[in-house]
Amino acid sequence: MQKRDVLIIGAGIGGMQAALDVADKGFKVVLLDRSPSIGGSMVKLDKTFPTNDCSICTAAPKMVEVGRHPNIDLMTYAEIAKVEGDVGSFRVTVWKRTGYIDPQKCTGCGDCVDCCPVEVPNEFDSGLSMRKAVFLQFPQAVPSVYTIDIDNCVGCGACARQCDAQSIDFLDRSQEVEFEVSSIIVATGFQVLEPQTLKYGYGEYPNVITALQYERLLSASGPTQGEIVRPSDGKKPQKIGWIQCVGSRSPLYDRLYCSRVCCMYATKEAMITRDHHPEIDTTIFYMDLRAYGKGFEEYYNLAEDMGVTYIRSRPVEAYQKENGNIVAIYENTCTGDIEEEEFDLLVLSTAIIPSQIQNLAAILDIELDENNFVKEKDVVYAPFETSREGIYVAGCSQAPKDIPDSVAQACAAACKALIDVRKKERSEKTEQIEEKPLEGQPKVGVIICHCGKNIAGFLDVEKVTAYAKQLPNVVYSEHESFACSEDAQARIKKAVEEHGLNRLVVAACSPRTHAFLFQQTLAEVGLNKYLFEMANIRNHCSWVHSSDWERATEKAKDLVRSAVKKVQLQEPLHEMEVEVARRALVIGGGISGISTALNLARLGIFVYLVEKEGTLGGNLRNVNRLFPSDIEAKKVLQPLLKKVKEEQNVKVFTNTTLKEISGYIGNYEGVLSVKGKDKTVQFGTIVVATGFTEVEPHGLFGYGEHPHVVTELQLEKMLQSKAVPPYKSVVFIGCVGSRCEERPYCCRVGCGNAVKNAKILKEDNPKAKVFVLYRDVRTFGKKEEEYYEDVQKKGVIFLRYTEDKEPKVTIKDGRITVIMYDNFLKEEVELPADMVVLNAALEGDSTAEQLKTLLKIPLGDGRYFMEAHAKIRPLDFPTDGVYLCGAAHSPKGIADSIAQAVGAASRAAVPMMKGWVTIEPITSHVDDEVCSGCGMCIQVCPYQAIERDENGKSRVIEALCKGCGACGATCPQGAITMRGYTDAQLDTMVDTLLEVES
């Protein structure tokens, strides 16, 4: 029986993130997936909202990273057969199916596919294409090994006869593999409902498809290579409709829950359609537009500006016309009218359902909820813990989630799983491949990426490749369908060896997401990773010149030529390794900061917990009950406060702010202002958990004019202290000061709090009239839609208003009246109110601007901090060693805040538990023979990374330097240059682009 630390079931984006979080800390992971490749549902998508980043381009580097990691045992095409034992010693039996192809021998040539006579529907393309009985799931698959689908194989043996590598063995057998692990994470993801039984003609009318099928149509690697065509006749549609909430948010289908992401992915699909084909009409039929996440509302507004039409409605059914067009029949819920609209193609946003988890749940002995998602220990404060100790859940196994929420919960699950194993012996640092000396003339290799049709659809990749071959010192030039795929990396390594390459240029997409992948590939064959350059021909050519093939091609040639020139002047650079102190600073003592501190402490890390107020608890201290559990907030907060007080690894500072900071990841020194006195502390990493503030809506809806016009947080305090004034009528008004020009974002929690408090007031006084005035009800989280449905049944009245016809609050003789326009009556109605409750906008904490300057971290709209990557790095900052969570990131409820907080603890613990980090060597260098000692560079350096040496000359502290180049641009003597971006390199790039001789 093999001994490992953590077993992770499911290798989608959540499972991969959890595996990397555990493995990077030095623990051994078994990552298991029943598919032949890892990647899950994310790799099937075209783009991701709200950034419109290419989904596979975002996921592929992470997949390769997982496949390469020395602490991860990757087991694909495998399932759990049996689990025995308990936390600390689970004995797991895995059934590893054979694909009848030896991964050690398979060269990935694809000859077996060409000769296979069998074709079956391709499940990766949701049945829109056919695949052979021997197949590679998708071009960037990891592991990049072909599989024989024995259930559909006719046993003709053609593939085996065609295989020159003799990698096919039909006598190979599936086998059982046994592991002992301390903890288990379930990250099995989701699937979408197949809506054959619903009234929209899916399965009967070929031009009715699911949104996931539409993703495959949009994808450059999909069945139509990104061309939007009708399945019935292959023609380009002129009018496309999307129907939301198909099979969800309805008691008819026993699925009251919201699928959480459908509004936004339908918006994304319509927007991309309009971007590619502005002549196509796009219409989205929706019940409530749930653009609740960071950047979502702005994305929705952009879609409207691009011409996407939104109709608030309840679609009833659809039928097909003789020409194959689909007619949707719907109730327009703004007018009450029954209407029809005809489309060439109808797309169904079907319910997200759990991915075949019932058998697995029985094996693991964990509970499922009424919808067959994994039942959590508590929906608010323990969403990642299952009913069985030592088994945790992440992502869509627990409930529908967007990618960043899945990633955050995966990090949280990894943290919890490691608490069970933290005292185990960790693996030692792996040996690095010895670096080859750089000798002789530059021998440059050039790789040009098709990226499916993302690049090749807009410029001539073959012509650019041929052009690169003619450039001086280029000895190898080739194009790859997907340069980031695992098999392409193998071919790059082979080319380095066979052609003696000592430099590499890759012309593909963004170096921000892909440079490290190719650098690691070079390191694996002993070539210094900084003898590398990327030309971003996707963003800079195919995107910005998408309508001009010739200009895009010529510009790509220029960028490749420039990169080849630069890389020839590149010298080997070496990273600096620094130790990391096992102490952390957590800024903010609300629920997020407390949760981060406690979980870091449980991992054996000492924490300084800093809170500017006199007590811990943040905004949660003023909350009555939590949505949607109705648990009293104090019953969650008080046990946490007790644990903090008892935890020896947490030192609390109240009435304290961060005054100064110096140092770098692993070795920070901060000056805390503690009740007016300075205290110096040292720490290795920082977590920002500063929370939110409620914006007082002065001048809006009578606020400040009457004591009974209050904000939601003020009502919470009244309920908590039982000081609610007598009432017979209460009106809640949503989106006060948010979803507007000044604050375009959604406050995310306002709808849920209004629903919760409306229920409380109605239950306390059943005879009272309670109204909730809303623009869209955004109860998107687990148990929230069901809660909203129940509140309606209790008699709370929900009335919708539109942005152009907001309610008015009048106050006369001390009496409050709310006037709103009723869409059904087509007239204004008056609602007398004893109390008006405003869902006021939220902003980041008032200390955000100061922290932005101190920590050199980016700040966005509403004083919310900007993460490193919106989808796959939601808890990291671009600045190494600094992390964020909770409402410091964006508005969010308690469940999401806690998930992010525990996840941030996991991210911050990576360098501290590893004990060391490497510092990138792209830093400034001072030529002390030229330096005059004027000190101008010291003044402009934003990182305090330059000091005077004993001779009065400038000296760079490399561990602090971030390579921004401000010093080099300022130096009047030209004494400072950048490693990796020397003056000579930049000059030759500019001269090359301008075609000027140096």
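In which helix is Leu994 found? Leu994 belongs to helix H24, which spans residues 983–994. The model is predicted, and the values below are computed from it.

**Surface patch**

Leu994 has a relative accessibility of 58% and therefore counts as exposed, the cut-off for that class being over 50%. Together with Val990 and Leu993, Leu994 forms a nonpolar patch on the surface. The accessible area of Val990, Leu993 and Leu994 together is about 270 Å².

**Aromatic pairs**

The count of aromatic pairs comes to 20. Among them is the pair of Tyr214 and Trp242, which is edge-to-face. This pair links distant parts of the chain, with Tyr214 in helix H5 (residues 211–218) and Trp242 in strand S17 (residues 239–246), 28 residues apart. Tyr214 is buried, at a relative accessible area of 0%, and Trp242 is buried with a value of 0%.

Another edge-to-face pair is made by Tyr286 and Tyr310; the planes of these rings lie at 80 degrees, so the pair falls in the class defined by angles over 60. Tyr286 is in strand S18 (residues 281–286) and Tyr310 is in strand S19 (residues 309–320), which puts the partners 24 residues apart and links distant parts of the chain. Tyr286 has a relative accessible area of 6% and is buried. Tyr310, at 13%, counts as buried because the limit is under 20%.

| Pair | Centre to centre | Angle between planes |
|---|---|---|
| Tyr214 and Trp242 | 5.4 Å | 80 degrees |
| Tyr286 and Tyr310 | 6.1 Å | 80 degrees |

One aromatic cluster is formed by Phe49, Tyr292, Phe296 and Phe780.

**Lysines over rings**

Which residue lies over the face of Tyr821? Lys805 does, at 3.9 Å from the ring centre. In a further case, Lys651 lies over the face of Phe653, and the distance to the ring centre is 5.6 Å.

Asp46 is located in the loop that runs between strand S3 (29–32) and strand S4 (47–48). Is Asp46 buried or exposed? With a relative accessibility of 3%, Asp46 counts as buried, since the class covers values under 20%. Apart from neighbours within four places in sequence, the residues in contact with Asp46 are Asp53, Cys54, Ser55, Glu215, Leu218, Ser219, Ala220 and Ile272. Of these contacts, Glu215 and Leu218 fall within the residue range of helix H5 (residues 211–218), the helix that holds Tyr214.

Conventions:
Residues are numbered from 1 along each chain as its sequence is written. This is a predicted model: local features need pLDDT of at least 70, side-chain atom pairs count only at pLDDT 80 or more; totals for chains, interfaces and linings use all residues. Side-chain values use heavy atoms; hydrogens and water are left out. Rings of Phe, Tyr and Trp (its six-membered ring) pair if their centres lie within 6.5 Å; planes under 30 degrees apart count as stacked, over 60 as edge-to-face and the rest as tilted. Helices (H or I, at least four residues) and strands (E, at least two) are DSSP runs, numbered from the N terminus. Buried means under 20% relative accessible area, exposed over 50%, partly exposed in between (1.4 Å probe, protein chains only). A charge sits over a ring if NZ of Lys or CZ of Arg is within 6 Å of the ring centre and within 35 degrees of the ring normal. Patches are made of residues with over 30% relative accessible area and no salt bridge: like charges are joined within 9 Å, nonpolar side chains (Val, Leu, Ile, Met, Phe, Trp, Tyr) within 5 Å. Accessible areas come from the Shrake-Rupley method with a 1.4 Å probe; for residues, only the protein chains shown count as cover. A salt bridge is a side-chain nitrogen of Lys or Arg within 4 Å of a carboxyl oxygen of Asp or Glu. Contact means heavy atoms within 4.5 Å.
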